[in-house]
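Subject: Handing over a structure, with notes on what was found

Dear colleague,

Please find below the structure that I promised to pass on to you.

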Amino acid sequence: MPEKSTDWIAGVDGCKAGWVAVLRNLADPTEVNLHLFPAFADIVSFVPQIKVIAVDMPIGLPDALGPGGRGPEKAARRHLGERQSSVFTVPPRPAVYETDYRQACDTAMKTSEPPRKVSKQCFYLFPKMREIDTLMTPELEERVHEVHPELAFWRLNGEAEMSLPKKVKSRANPAGLDQRRDLLVSKGMPQDFLDQKPPRGCGRDDLLDAAANSLIAEHIINGQAEPFPKDFRRDDRGLRMAIWA
C-alpha cells in the first residue's frame with residue numbers, strides 16, 4: 001500500500017474484475033504499484049489522494065449525436081491507422097443507460113442522426129460507462145481524464161501507430177503485447193513490473209494499457225498532454241468530451 005504522498009497518479013483500465021490501476025509516485029520513481037479496484041469510486045476516494053486519474057473509458061456523453069459523432073473518437077482515429085478499430089463509437093447517454101442490447105440499439109437509433117446502432121463491444125462497456133458517468137462532475141474532471149491506450153501508445157511511440165495489433169481475432173497477440181511492453185520499458189517502466197502475472201480477472205493487455213495510461217497521467221500533470229479534439233465540446237451536463245494524450 002502506498003505511503004502518504006501528494007504526488008500519486010494513476011493509469012486505469014477496465015477489466016473483468018473491476019478496474020486495474022497502475023499507481024505511481026512521481027516523487028519516487030521506484031514506487032510503482034498495481035492495484036485492483038472493484039469500483040471506480042474507490043479510485044476517486046483512494047487515500048492518499050490520486051492527483052491525476054487517466055482512465056480508458058468515455059467521459060462526457062451527449063444526449064443526442066449528430067453526423068460527426070461525439071468528437072473524441074473521430075479525432076483519435078485520425079492518428080491510429082490500422083489500430084483505429086480499437087476506438088469504439090460511443091452512443092448518446094440515453095442508450096448507455098439501457099441494460100438490454102436491442103433496447104440500447106433502438107434508443108441509439110432514435111437519438112442519433114444518421115441513426116446508428118450500438119456495437120456489441122461497446123454495449124459490454126455500458127456498466128463501467130454508467131459507473132463513471134454517475135460520479136463525474138465538471139469539478140472532478142480536474143483529476144479524472146479520459147484516455148485511450150492506443151492513442152497513448154501512439155504518443156509514446158513518437159506519434160506513430162503501433163505496427164502490431166494487440167489482439168488477433170479477439171485473442172491476445174503476444175508479439176503485439178511484447179512490442180507495447182518494450183516501448184513502456186524504453187520510457188522507464190520496470191520490465192519485471194510489466195511482466196508480472198496479472199491478478200485474477202485482469203489480463204496482460206489490461207496491465208499494459210493501465211501502465212501506458214499512467215504515463216499519459218504524468219504528461220497531464222506536467223502540462224505535456226493535449227485533448228483530442230483540441231476544440232472539444234461539453235455534454236449536456238457540462239462534462240468535457242476529450243481523449244487526452
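In these notes Ala, Val, Leu, Ile, Met, Phe, Trp, Tyr, Cys and Pro count as nonpolar, Asp, Glu, Lys and Arg count as charged, and the others, Gly among them, count as polar. Please bear in mind that this is a predicted model, in which local features need pLDDT of at least 70 and side-chain atom pairs count only at pLDDT 80 or more, while totals for chains, interfaces and linings use all residues. Residues are numbered from 1 along each chain as its sequence is written, and side-chain values use heavy atoms, with hydrogens and water left out.

Let me begin with the pockets. Rolling a probe the size of a water molecule over the atoms shows where empty space is left. Here a pocket is an open set of points, on a 1 Å grid over the protein atoms alone, where a 1.4 Å probe fits and where protein lies on both sides within 12 Å along at least five of seven lines; lining residues have an atom within 4 Å of a point. The points are joined across faces, edges and corners, and a volume is the space filled by probe spheres set on them.

The largest pocket has a volume of about 1,400 Å³. It is lined by 39 residues, of which Phe88, Leu125, Lys166, Lys167 and Asp205 are the closest to its centre. By class, this lining consists of 14 nonpolar, eight polar and 17 charged residues. Helices (H or I, at least four residues) and strands (E, at least two) are DSSP runs numbered from the N terminus, and among those that each supply at least two residues of the lining of the largest pocket are strand 1 (8-15), helix 7 (149-156) and helix 10 (204-221).

The second largest pocket has a volume of about 320 Å³, and nearest its centre, among 17 lining residues, lie Gly69, Arg70, Gly71, Pro229 and Arg233. Strand 8 gives the largest share of this lining, four residues. Pro229 itself lies in strand 8, and a cis peptide bond, with omega about 0°, joins Phe228 to Pro229. Another cis peptide bond runs from Val47 to Pro48, with omega near 5°, and Pro48 is found in the loop between helix 1 (40-44) and strand 4 (52-56).

How do the helices pack? Two packed helices are described by the angle between their axes and the distance between the axes. The axes are lines fitted to C-alpha atoms, for helices over the stretch in contact, and the angles run from 0 to 180 degrees between N-to-C directions; contact means heavy atoms within 4.5 Å.

The axes of helix 8 (residues 174-186) and helix 10 come within 10 Å and cross at roughly 30°, which means that helix 8 is roughly parallel to helix 10 (angles under 35 degrees count as roughly parallel, over 145 as roughly antiparallel, 65 to 115 as roughly perpendicular and the rest as oblique). Residues of helix 8 that meet helix 10 include Leu177, Arg181 and Leu184, and the contact has seven nonpolar, no polar and four charged residues.

The axes of helix 7 and helix 10 come within 9 Å and cross at roughly 60°, so helix 7 is oblique to helix 10. This contact has eight nonpolar, two polar and two charged residues.

With best wishes
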